[in-house]
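Trainee: I am new to this structure. Could you take me through it step by step?

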Amino acid sequence: MPEHRGLELPPRTRLTPQRRAVLDVVADHPGAFTALDIFERARRKHRGLGLATTYRTIELLRRTGYARPLSTRDGPAYVRCAPGHHHHLVCLTCGGVEDTKLCAAPSAAELRRRHGFSPETHEVGIYGTCRNCA
Ligand SMILES: [Zn+2]
Ligand SMILES: [Zn+2]
Ligand SMILES: [Zn+2]
């Protein structure tokens, strides 16, 4: 998979200079971000970058598990992430995001029994106040 600064894109995706600029900014960005945040910073590194390319590149990272969607007080956002099962503790004061392995999602067996539903994945964001802001 094309890789840049620890962030992977799906197989056979070309790592263009525009995408590289987006990945650079995502790699350096702590906490939650919106596509517009990333676009404004990445455009300073690559003037030809468009907002649509920024959105598409973040969506590519979402497919590989290196970005995940969040909803914040200010609306939809993303967070830099890594593949593997975990959830996010999102601080509503500072916007910081911490990973947790704690999970209380219903089991696949229980979902099948009660709803006839076969789950593939789930997303849970936990919102509150971090220890630094408490
Ligand atoms: Zn994560
Ligand atoms: Zn905080
Ligand atoms: Zn979970």
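Trainee: How many residues of helix H4 (residues 108-115) are buried?

Mentor: This is a predicted model, in which local features need pLDDT of at least 70, side-chain atom pairs count only at pLDDT 80 or more, and totals for chains, interfaces and linings use all residues. Residues are numbered from 1 along each chain as its sequence is written, while chains are lettered from A and ligands numbered from 1 in the order in which they are written. A residue is buried if 20 or more other C-beta atoms, placed from the backbone, lie within 10 Å of its own. Helix H4 is hardly covered, and among its eight residues the count of buried ones is zero.

Trainee: Which residue just after H4 takes a positive phi?

Mentor: Helices here are DSSP runs of H or I with at least four residues, and strands are runs of E with at least two, numbered from the N terminus. Just after H4, a positive phi of about 65° is taken by Gly-116.

Trainee: What share of the chain counts as buried?

Mentor: The chain has four helices and eight strands. Of its 134 residues, the share that counts as buried is 23%.

Trainee: Are H2 and H3 parallel or oblique to each other?

Mentor: Axes are lines fitted to C-alpha atoms, for helices over the stretch in contact, and angles run from 0 to 180 degrees between N-to-C directions. Helix H2 (residues 35-45) packs on helix H3 (residues 51-64) at an angle of about 120°, with the axes 9 Å apart. Angles under 35 degrees count as roughly parallel, over 145 as roughly antiparallel, 65 to 115 as roughly perpendicular and the rest as oblique. H2 and H3 are therefore oblique.

Trainee: How many residues of the contact of H2 with H3 are nonpolar?

Mentor: Two residues are in contact if their C-beta atoms, placed from the backbone, lie within 7 Å. Ala-35, Ile-38, Phe-39 and Ala-42 in H2 meet Leu-51, Thr-54, Tyr-55 and Ile-58 in H3. Ala, Val, Leu, Ile, Met, Phe, Trp, Tyr, Cys and Pro count as nonpolar, Asp, Glu, Lys and Arg as charged, and the others, Gly among them, as polar. The contact has no charged residue, one polar, and a nonpolar count of seven.

Trainee: Which strand gives the most to the side of domain 1 that touches domain 2?

Mentor: An automatic or database domain assignment sets the bounds, giving domain 1 (3-80) and domain 2 (87-128). Eight residues of domain 1 are in contact with eight residues of domain 2. With four residues, the element that gives the most to the domain 1 side is strand E4 (residues 67-72).

Definitions and conventions: Buried ≥ 20, exposed ≤ 12 C-beta atoms within 10 Å, placed from the backbone.
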